Amino acid sequence: MSVDLESLSEATSGAIGALLSTTILYPLDTCKTKYQAEVQAHGQQKYRNLSDVFREAIRTGQINSLYQGLGTKNLQSFISQFVYFYGYSYFKRLFLVKSGSKSIGTTANLVLAAAAGACTAIVTQPLDTASSKMQTSAFGKSKGLWLTLTEGSWSEAFDGLGISLLLTSNPAIQYTVFDQLKQRLLKAKQNKTENAASTEALSAFSAFALGAISKSIATVLTYPAIRCKVMIQAADSNDNEASKVTRRSRKTVAWALCAIWEQEGVLGFFKGLHAQILKTVLSSALLLMIKEKITATTWVLILAMQRYLVLTRGRLKSA
């Protein structure tokens, strides 16, 4: 079975970009997730804004807890981005070969991106759920990955899978907008310079800017579903058996929608939107910027490795 080296290069560079951007922005991600998970009750809420979460970590001497779950999040980010970029690149190349087209339209791009996103969600959902639970645990009370995954039934590891599949529209919108903007920008540069070779890659600033714009659009359109997902996956503050039974009966999409509507109203569906945009835009922009800059290097390394393996195999056969 042959490996699509170009898709492998895209997947590897995307996964490395995700790993670096996740690590850099993780404290912000933890504050954002804890803020989103809280539902206002009887007019009272623990966190009035994003900075309250950070202040709590300082006040309780738990600054290190802003990194709780970082290993799990990095593992989830690396695997999900590798699977996504490999699937997305592979599906695009397959579509072009089967259709005989020279380019992919917006509709086809959305479908292919959603298909890659669905594969990613199914593969990485347990890690995604575990990461959310670890981030929303009380500071200093987060459990390890194995304990988090095994503390409930196997089905609990897939909490929020339905919404995750729905949210495949988020990266689908994001990368479609990014690709379309990228093509137009490169085409405009090509028309000015009349030199296609000089416009094969975006500059770091252009990649960052296009990544920020595309992620902002995708985030605004899908945010209510994002908040519901965080609430469903969030750690429960009570650990007794009775509360666990109650938790399972209420950790549903219907429960999340009703809780937000009854306690916070329409605006509650967009609570934390600014934090989500800040984190995801920075993360996505960094990811795409890093990916754009290392893709060429990754491609050269993969080709060198392939050539080395071919030469080694030839020597072994002749020996």
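**Figure 1. The nonpolar surface patch and helix α1.** In this predicted model, helix α1 contributes the largest share of the nonpolar patch, four residues. The patch consists of Ile16, Leu19, Leu20, Ile24 and Phe78, which together have about 400 Å² of accessible area. Patches are built from residues with over 30% relative accessible area and no salt bridge, nonpolar side chains (Val, Leu, Ile, Met, Phe, Trp, Tyr) being joined within 5 Å and like charges within 9 Å; accessible areas come from the Shrake-Rupley method with a 1.4 Å probe, only the protein chains shown counting as cover for residues. Helices (H or I, at least four residues) are DSSP runs, numbered from the N terminus. Ile24 lies in helix α1 and is exposed, with a relative accessible area of 56%. Residues are numbered from 1 along each chain as its sequence is written, and side-chain values use heavy atoms, without hydrogens and water. Local features need pLDDT of at least 70 and side-chain atom pairs pLDDT 80 or more, whereas totals for chains, interfaces and linings use all residues.

**Figure 2. The largest cavity.** The largest cavity has a volume of about 980 Å³. A cavity is a set of points on a 1 Å grid over the protein atoms alone where a 1.4 Å probe fits but cannot get out, and lining residues have an atom within 4 Å of a point; the volume is the space filled by probe spheres set on the points, which are joined across faces, edges and corners. Of the 41 lining residues, Lys73, Gln76, Gln81, Lys215 and Lys229 lie nearest the centre of the largest cavity. Helix α5 gives the most to this lining, with eight residues.

Figure 3. Asp128 forms a salt bridge with Lys229, the closest N and O atoms being 2.6 Å apart. Asp128 lies in helix α5 and Lys229 in helix α9, so the pair ties together parts that are 101 residues apart in sequence. Both Asp128 and Lys229 are buried. A salt bridge is a side-chain nitrogen of Lys or Arg within 4 Å of a carboxyl oxygen of Asp or Glu; buried means under 20% relative accessible area, exposed over 50% and partly exposed in between (1.4 Å probe, protein chains only).

Figure 4. The side chains of Lys92 and Asp179 meet in a salt bridge (3.5 Å, N to O). Lys92 belongs to helix α4 and Asp179 to helix α8, so this pair ties together parts 87 residues apart in sequence. Lys92 is partly exposed, at 23% relative accessibility, whereas Asp179 is buried, at 13%.

Terms used
On a 1 Å grid over the protein atoms alone, a cavity is a set of points where a 1.4 Å probe fits but cannot get out, and a pocket is an open set with protein on both sides within 12 Å along at least five of seven lines; lining residues have an atom within 4 Å of a point. Helices (H or I, at least four residues) and strands (E, at least two) are DSSP runs, numbered from the N terminus.
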